[in-house]
Structures are given as C-alpha cells and as structure tokens.
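This report walks through a single protein chain. It covers charged pairs, packing and a few individual residues.

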Amino acid sequence: MKYALVIGNSKYSDPKLAQLKTPEADSRALARVLKAKRIGNFDEVILLIDQTESKSRRSMSNFLASRKPDDLVLIYFSGHGVLDGRGSLFLALKDTQIGSLNATAISSSFISYEMDNCRSRRQILILDCCNSGAFARGTKGGQKAITETTFEGSGSGRVVLTASDSTQFAFEGDRIIAQTDFSLFTHFLLEGLKTGEADRDNDGKVSLDEWYDYCHARVTVTTPQQIPHKWSYRQQGDLIIAQNPFAKKKLDAQRQPKS
C-alpha cells in the first residue's frame, strides 16, 4: 500500500514570515498526481493547506502511527523552513511564531522521532524549503538548514529529498520559469511524473531514484544557483513512486515496423 501526507503553507500570521505564492498550488498539484490512477495510484493522499501547527503535527503523527512494514509512506512539505538560535530546523505553519518555534512549529527532531516509531520500512520525506534567509523577498531559502544527519534517525529505509543544499535558496517558480505557478523544485517533480520523462529506463515505472535524478538534472540546468539533494538511510531496493502514463504508447511506437 502507498500513502502520502502533503502539507503546503503559504499564509503566515507572524509578520516576520513572508507570505508565499506557491506552496498551496505545489501541494494541490502533487496530491492530484499521486492520486491519479494512471500515475501515482496512491491508496490514500491526505492534503493539508494552511493548517495550524497542532493540526499538522497531529496529522503527521497519526499518519505514521498506523502503517505496516511493507507500506510506502511519503511526506511532502512546501513552505518556510526556519532555524532557531541553535541551528535546529523547524517547519513553519500558519500560526508559527518566530519567537516561539519550539511551541509553534514542527521540529526536525519531532519528524525523525515519529518516523523512527513508524513501522514502515519505506519512508520518503520531501522538503521544498530551506531556512529563513530570503523571507524579505518572499522566497523559501537560507543557510545550513539541512545536513546529512538532520533526519537520519534510527529507522530503516528512509530517503530525504530537499529542494536545495544547506546554503542555497529554494526559488519560487515565477522567479526562474516564466508562467509557472509552482516552485522550481516541485515544478520538475510534477513534470517528471505527468510526462513520464522521469522513467529513465523506459520500464513503465518511475522509481524514487529516477524521479530525483530527473528533477536534479532539470533544476540545475535551469539555474546553477539551486542544487537539490538526496540522503538515503539504509534504503534497500527500488521505491516505486508512479507509473509512466505514456509507457504503453512508447512501447507500441517501438513495435511499429519500420518503413
């Protein structure tokens, strides 16, 4: 079984957190693609848009608590990532207050704890955020928000994808790509699945590694100022995310006799 929790936060009550343009569109579009029978075909996709910290925290905990060892679980977050004074990463929700992160935001340590306690051996965390360096410009970015050990935990079969490395901005799409409503990172995540182009070996399936490789290549070609990253912890075997919706057409075209 495949399950996804998709969280997007564009609106913030704290004036120190800039309002964002793309997280709602990012999250709704990804949820649709993951649900689509011809693409993601996930058994359940939970979508949270501009919810409070307590609602998001409880949803994440409940989402992970009921999974079985062979279930694939995917958590996606688009919004602000903020560092506290000690350099710990927090995901900012609608009612997050910069002056009280531990009480009003979701910490990376909480996410790791919940993932450690989840029985699933196939866990994926996707973060389209970094920290607070670009709040004034309305982007999602900053410095040193995520390192290799941030989400390591003690569980098995965990993969973390991030929109940028630990010292870069995560750009919103209209600042790089004309006429897109999505962030740069999520734009190419969606493109890879919807077009089937992420199916690099043309086997009709899109693995997590293929999905990430496609997105990484497209983002870095579009702008060298942003480099997505992936960290794997005790991952074994391919994690199949989606089907290539055009695989049959490609196969039929390859079988056509040459004139």
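## Salt bridges

A salt bridge here is a side-chain nitrogen of Lys or Arg within 4 Å of a carboxyl oxygen of Asp or Glu. The model is predicted. A search of the whole structure turns up 7 salt bridges. Three of them are described below.

E53 pairs with R57, with the closest N and O atoms 2.5 Å apart. The two residues sit 4 residues apart in helix α2 (residues 53-65), so about one helical turn separates them. E53 is buried, at a relative accessible area of 9%. R57 is partly exposed, at 22%.

## Bridges across the sequence

R121 and D70 form a salt bridge, and their closest N and O atoms are 2.8 Å apart. R121 lies in the loop between α4 (108-117) and β7 (122-128), while D70 lies in the loop between α2 and β3 (72-78), so the pair ties together parts that are 51 residues apart in sequence. The relative accessible area of R121 is 44%, which makes R121 partly exposed.

D116 and R158 meet through their side chains in a salt bridge, at 2.8 Å from N to O. This pair also links distant parts of the chain: D116 belongs to helix α4 and R158 to strand β9 (residues 158-162), 42 residues apart. R158 is buried, because its value is 0%.

## Nonpolar cores

The largest nonpolar core holds 35 residues. L74, I126 and W211 have the most contacts inside it. Several elements give two or more residues to this core: β1 (2-8), α1, β3, β7, β9, α5, α6 and β13 (240-243). A second, separate core has 23 residues, among them Y3, M60, I75 and I106.

W211 is worth a look on screen. Beyond its neighbours within four places in sequence, W211 is in contact with L30, L74, I126, L189, L193, A198, V206 and I241. Two of these partners, L74 and I126, are named with W211 as having the most contacts inside the largest core.

## Helix α6

W211 is one of the buried residues of α6.

How does the span of α6 agree with its number of residues, and why? Helix α6 covers residues 208-222, which is 15 residues. At 1.5 Å a residue, the helix should span 21 Å. Its end C-alpha atoms are 21 Å apart, so the two values agree.

## Y76 in strand β3

Y76 is placed in strand β3. Its relative accessibility is 0%, so Y76 counts as buried. The C-alpha atoms of Y76 and I7 are separated by 6.0 Å, although the two residues are 69 residues apart along the chain.

Which residues does Y76 touch, apart from neighbours within four places in sequence? Its contacts are L5, V6, I7, D26, S27, L30, I126, D128 and T186. With T186 there is also a polar contact, side chain to side chain, at 2.7 Å.

## T96 in its loop

T96 is found in the loop between β5 (89-91) and α3 (101-104). Although in a loop, T96 is buried, because its relative accessibility is 0%.

The side chain of T96 has polar partners in the backbone. A polar atom of this side chain lies 2.7 Å from the backbone nitrogen of L93. The T96 side chain also reaches the backbone oxygen of T104, at 2.7 Å. Setting aside neighbours within four places in sequence, T96 is in contact with D14, L17, L91, L101, T104 and A105.

## Two asparagines with positive phi

N41 has a phi near 55 degrees, a positive value in a residue other than glycine. N41 lies in the loop between α1 (23-35) and β2 (44-49). At a relative accessible area of 32%, N41 is partly exposed.

N202 likewise has a positive phi, near 55 degrees. N202 lies in the loop between α5 (184-194) and β11 (205-207). With 47% relative accessibility, N202 counts as partly exposed.

Definitions and conventions
Residues numbered from 1 in each chain as written. Predicted model: local features only at pLDDT ≥ 70, side-chain atom pairs only at ≥ 80, totals over all residues. Heavy atoms only, no water. Expected span 1.5 Å × (residues − 1). Buried < 20%, exposed > 50% of the residue type's maximum accessible area, 1.4 Å probe, protein only. Polar contact = N/O pair within 3.5 Å; in protein donor to acceptor, adjacent residues only side chain to side chain. Contact = heavy atoms within 4.5 Å. Core = buried A, V, L, I, M, F, W, Y, C linked by side-chain atoms within 4.5 Å.
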